[in-house]
Each structure stands twice: as C-alpha cells, then as structure tokens.
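Trainee: Please take one part of this model and look at it closely. I would like to know where it sits and what lies around it.

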Amino acid sequence: SGFPARWIVYNQKVKSSDIFIRDSTCISDLALLLFGGQLAINQDGSISMLKGYATFAANPDVQRLVVGLRQQLDGILQNKIEDPTTDLDRSGAALVTAV
C-alpha cells in the first residue's frame, strides 16, 4: 500500500456525496497497542484488541512488555485526568521518555 503504516486513526467521518474521513493520521502497531482499546492475550501467542479485529504476533516477553507499558501508561494518564496539575515530567519521566 502507499501508506507509511498499517493503521489510520481519524477524528471525524462525514457522509455527503461519499464517505470522507477528516483529521486522520497513520500510526504504528505499537502506538495502537499502547493507546488503543483493551488488550487481550490469546492462547496462540498473540495480542489482540478491538474484539479481535487487530491481532499482533508476539512472544511472551514482548507480550509482558507491552501489557506492562500499557498498564503504567494508563495509570499515569488516569492520574493526570484526576489531577490536571500533575507534572508528567516528574511523575512519569522514564515512561514518557521511553514512549
């Protein structure tokens, strides 16, 4: 395909003479795994999300790493939502730098 990544996310879908998407961008597999829907670890050694629509092959070490990063990221973002004054550079500096 002519896109730089497999996934496209968008902000708005409009139907007029045809269907158009606005404010779209291509994202990597890792970005989808870290910021997308709920993760599921499957028996076949894959990680899936979006009710199985998106499935990624991963060995157990990578699965643990992705799930751990996602849990930490979700926690930091939840803290920021609950307390907007939270300084992400201080509370999650290592994770923010890694991501």
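Mentor: Arg70 counts as buried because its relative accessibility is 11%. Buried means under 20% relative accessible area; exposed is over 50%, and partly exposed lies in between (1.4 Å probe, protein chains only). The model is predicted: local features need pLDDT of at least 70, side-chain atom pairs count only at pLDDT 80 or more, and totals for chains, interfaces and linings use all residues. Residues are numbered from 1 along each chain as its sequence is written, and side-chain values use heavy atoms, without hydrogens and water.

Now place the residue. Arg70 is found in helix α2. Helices (H or I, at least four residues) and strands (E, at least two) are DSSP runs, numbered from the N terminus.

Next, the neighbours. Arg70 touches Leu33, Leu34, Phe35, Gly36, Gly37, Gln38, Leu39 and Met49, leaving aside residues up to four places away in sequence. Contact means heavy atoms within 4.5 Å. A polar atom of the Arg70 side chain lies 3.3 Å from the backbone oxygen of Leu34.

Step back to the helix. The buried residues of α2 are Gln63, Val66, Arg70, Leu73 and Ile76. An α-helix has 3.6 residues a turn, so residues three or four places apart point the same way. The buried residues of α2 pack against α1 (29-35), β5 (40-41), β6 (46-49), α3 (88-91) and α4 (93-98). At the N-terminal end, Asn59 caps α2: a side-chain oxygen lies 2.9 Å from the backbone nitrogen of Asp61.

Technical notes. A polar contact is a pair of N or O atoms within 3.5 Å; within protein, one must be able to donate a hydrogen and the other to accept it, and residues adjacent in sequence count only if both atoms are side-chain atoms.
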